Amino acid sequence: MYSAYAIANAFIRRAQEGRLPHLNSMKLQKLMYFTQAWHLRVKGFPLIDDTFIRGANGPILPSIHHQAKRYGMRSITQTIQALSGDDDQDERWIPILQKDDASALDLVDVICERYGCLSWRELSALTHLPGSAWSQGQADDSPITNAQIRNDPTL
């Protein structure tokens, strides 16, 4: 599994390279949701080591929301940094996918090809379809389980 930051940075890098148009915070959230769903269906276990919640505009990862919200509806231009260290020294680093993890890298590319041309509103509409994992609860920041994501019939 990867941190949400590593998966987010994979999409942000593709946007920086011009391979993913108009990547704002909301679009990033939806692409990450689809990535998790596809990985759960194909591999049977999560790719992202974080929990999606039911936000008003669909599934979100709070950790990514807090990092990307400063962009609002503007395109995300910088990768996300993580902070680690001890009491004496803090260190910033950019979480990324392992270069030799062809499966994860290919999945991000497939998600970009399949959903990347859609706007955040179109992606959000997909996550709001009747029967979706998001629709199985109230938009009250309640968690969406990996089982609900895996079994989402709308994907």
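Biologist: Is F34 buried or exposed?

Modeller: The model is predicted, and the values below are computed from it. Buried means under 20% relative accessible area. F34 has 0% relative accessibility, so F34 counts as buried. Y33 counts as buried too, because its relative accessibility is 1%.

Biologist: How many aromatic pairs does a search of the whole structure find?

Modeller: The search finds four. One of them joins Y33 and F34: the ring centres are 5.8 Å apart and the planes stand at 65 degrees, so this pair is edge-to-face. The cut-off for that label is over 60 degrees.

Biologist: What kind of aromatic pair do Y33 and F52 form?

Modeller: Y33 and F52 are also edge-to-face, with 5.5 Å from centre to centre and 85 degrees between the planes. This pair links distant parts of the chain, 19 residues apart. Y33 lies in helix α2 (residues 25-43), whereas F52 lies in the loop between α2 and β1 (53-55). Both residues, Y33 and F52, are buried.

Biologist: Which residues form one aromatic cluster?

Modeller: The cluster is made up of Y33, F34, W38, F52 and Y115.

Biologist: Which residues line the largest cavity?

Modeller: Its lining consists of I12, Q67, A68, R70, Y71, I76, Q78 and I80. By class, five of the lining residues are nonpolar, two are polar and one is charged.

Definitions and conventions: Residues are numbered from 1 along each chain as its sequence is written. This is a predicted model: local features need pLDDT of at least 70, side-chain atom pairs count only at pLDDT 80 or more; totals for chains, interfaces and linings use all residues. Side-chain values use heavy atoms; hydrogens and water are left out. On a 1 Å grid over the protein atoms alone, a cavity is a set of points where a 1.4 Å probe fits but cannot get out, and a pocket is an open set with protein on both sides within 12 Å along at least five of seven lines; lining residues have an atom within 4 Å of a point. Ala, Val, Leu, Ile, Met, Phe, Trp, Tyr, Cys and Pro count as nonpolar, Asp, Glu, Lys and Arg as charged, and the others, Gly among them, as polar. Rings of Phe, Tyr and Trp (its six-membered ring) pair if their centres lie within 6.5 Å; planes under 30 degrees apart count as stacked, over 60 as edge-to-face and the rest as tilted. Buried means under 20% relative accessible area, exposed over 50%, partly exposed in between (1.4 Å probe, protein chains only). Helices (H or I, at least four residues) and strands (E, at least two) are DSSP runs, numbered from the N terminus.
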